[in-house]
Amino acid sequence: MSTDSKFAPRTLTASEYVRELFGPEDNAAILVRNRSTGHTVQRIAKAETIASPGFQTWLATQNASGSDVFMGMNPIKDGAYNRTKENIKNIRHVYLDLDRNGDASLEAIRNSPSVPAPNFVLDTSPGKHQVVWKVSGFSQDEAESLLHSLANQFGGDMAATDSTRVLRVPGFANRKLPEEFIVQARQESDGLYTHRDFTIHEDSPETPRHLSDDQERPRMVPRDHKSQSEHDWAYAKRALARGDDPEVVIQRIADYRSEDKDDPNYYARHTVSKAQEGLERKSVVVEKADEEPGRTHQ
């Protein structure tokens with residue numbers, strides 16, 4: 001870990017926040033979603049462009065018109081036009097979305113010996129926060145395993161455990177709320193953290209483990225680790241198998257993934273379609289198996 005022990009916490013504007021998250025030439029994803037119309041716009045642009053006055057004015061106009069403003073937390077590869085996992089350049093941040101008992105969870109993080117001091121804390125609504133750490137040396141699988149462990153440990157949103165996740169941008173109103181709330185961001189550390197700074201592990205989240213330099217770092221992804229997409233697909237199969245209306249299942253998944261998918265409705269419909277195909281194939285196999293005992297063998 002590299003950090004300045006004399007760092008003085010400060011409040012960040014949207015432009016300052018973007019510049020702290022990324023280098024000027026990094027590609028970053030901005031997502032603007034209007035909750036009333038469902039219209040979503042995603043733009044991939046250089047961080048210096050996103051932080052510029054002109055781009056910030058466009059975001060402010062969108063926000064004033066009823067749209068929420070989000071940003072992807074990891075840089076995008078050159079030439080890519082969306083923020084799929086394949087297009088993530090590298091892992092720069094891990095994070096938590098504290099949407100339940102947020103104040104208590106944030107206090108637990110600040111007092112925990114298992115995690116370092118957060119780099120950024122965003123107040124997204126009364127009593128709700130998003131916490132961000134700057135990191136290096138993580139693969140996507142390692143980062144998502146840690147995200148899952150952090151969410152388990154501190155009561156974070158389990159949907160925010162994907163490397164493509166978007167979080168809110170400070171300085172803009174949270175349009176999810178009936179009363180206007182302007183998202184605020186505080187920088188609380190300038191640290192750059194590695195694996196050794198997080199001592200939470202999947203097999204025993206309550207037991208910190210400090211590794212010496214000559215010890216092998218344990219595998220952070222358990223054998224049965226599933227991505228959020230796999231969980232969505234499994235949920236769709238269960239819901240359809242018990243007779244739920246497919247359109248209702250689609251809406252549930254779309255609502256659940258509304259802040260981390262470019263087009264949540266398309267994603268949800270595709271997931272349910274695949275689940276239906278899986279159930280139909282299983283049904284065919286069962287029917288054929290039922291026919292076997294009646295066959296006559298020569």
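**Exercise 1. The second largest pocket**

Task: In this predicted model, find out which residues lie nearest the centre of the second largest pocket, and which elements supply its lining.

Solution: 
- Step 1. Start with the lining, which is made up of 13 residues. Nearest the centre of this second largest pocket are R33, G38, S258, P264 and N265.
- Step 2. Next, look at the elements. At least two lining residues come from each of strand 2 (27-34), helix 7 (246-256) and helix 8. Helix 7 gives the most, with three residues.
- Step 3. Now sort the lining by class: the second largest pocket has six polar, five charged and two nonpolar residues.
- Step 4. Finish with the volume, which is about 240 Å³ for the second largest pocket.

**Exercise 2. A closed space**

Task: State how many cavities of 30 Å³ or more the whole structure has, then describe the lining of the second largest cavity.

Solution: 
- Step 1. The search of the whole structure gives two cavities of 30 Å³ or more.
- Step 2. Take the second largest cavity, which holds about 30 Å³ of space.
- Step 3. Find its lining residues in the structure: A29, then G72, M73, N74 and I76, then R83 and I88, and finally S163, T164 and R165.
- Step 4. Sort them by class. The lining of the second largest cavity has two charged residues, along with four polar and four nonpolar ones.

**Exercise 3. Salt bridges across the chain**

Task: Decide whether D78 and K46 are buried, partly exposed or exposed, and work out where each one sits in the chain.

Solution: 
- Step 1. Recall the background: side chains of opposite charge can pair when their charged atoms come close.
- Step 2. Check the distance. The closest N and O atoms of D78 and K46 are 3.7 Å apart, and the cut-off for a salt bridge is within 4 Å, so this pair forms one.
- Step 3. D78 is in the loop between strand 4 (67-72) and strand 5 (93-98), while K46 belongs to strand 3 (residues 40-46). The pair links distant parts of the chain, 32 residues apart.
- Step 4. Compare accessibility with the cut-off: exposed means over 50%. D78 has 59% relative accessibility, so D78 is exposed. K46 has 27%, so K46 is partly exposed.

Solution: 
- Step 1. The side chains of D123 and R186 meet in a salt bridge of 2.8 Å, N to O.
- Step 2. Because D123 lies in strand 6 (residues 120-125) and R186 in strand 9 (residues 184-187), the pair ties together parts 63 residues apart in sequence.
- Step 3. With a relative accessible area of 16%, D123 is buried, whereas R186, at 24%, is partly exposed.
- Step 4. Widen the view: a network of salt bridges links D123 and R186 with R110 and E188. For the structure, the salt bridge count comes to 14.

**Exercise 4. Aromatic rings**

Task: Say how the rings of F55 and W58 are arranged, then those of W133 and F198.

Solution: 
- Step 1. The structure holds five aromatic pairs. One of them, F55 with W58, is edge-to-face, with 5.5 Å centre to centre and 65° between the planes.
- Step 2. Both F55 and W58 lie in helix 3 (residues 53-64), and both are buried. R43 lies over the face of W58, at 3.9 Å from the ring centre.
- Step 3. For W133 and F198, the centres are 5.8 Å apart and the planes stand at 80°, so this pair is edge-to-face. W133 is in strand 7 (residues 128-134) and F198 in the loop between strand 9 and helix 6 (228-241), 65 residues apart.
- Step 4. W133 and F198 are buried.

Definitions and conventions:
Residues are numbered from 1 along each chain as its sequence is written. This is a predicted model: local features need pLDDT of at least 70, side-chain atom pairs count only at pLDDT 80 or more; totals for chains, interfaces and linings use all residues. Side-chain values use heavy atoms; hydrogens and water are left out. Helices (H or I, at least four residues) and strands (E, at least two) are DSSP runs, numbered from the N terminus. Buried means under 20% relative accessible area, exposed over 50%, partly exposed in between (1.4 Å probe, protein chains only). On a 1 Å grid over the protein atoms alone, a cavity is a set of points where a 1.4 Å probe fits but cannot get out, and a pocket is an open set with protein on both sides within 12 Å along at least five of seven lines; lining residues have an atom within 4 Å of a point. Grid points are joined across faces, edges and corners, and a volume is the space filled by probe spheres set on the points. Ala, Val, Leu, Ile, Met, Phe, Trp, Tyr, Cys and Pro count as nonpolar, Asp, Glu, Lys and Arg as charged, and the others, Gly among them, as polar. Rings of Phe, Tyr and Trp (its six-membered ring) pair if their centres lie within 6.5 Å; planes under 30 degrees apart count as stacked, over 60 as edge-to-face and the rest as tilted. A charge sits over a ring if NZ of Lys or CZ of Arg is within 6 Å of the ring centre and within 35 degrees of the ring normal.
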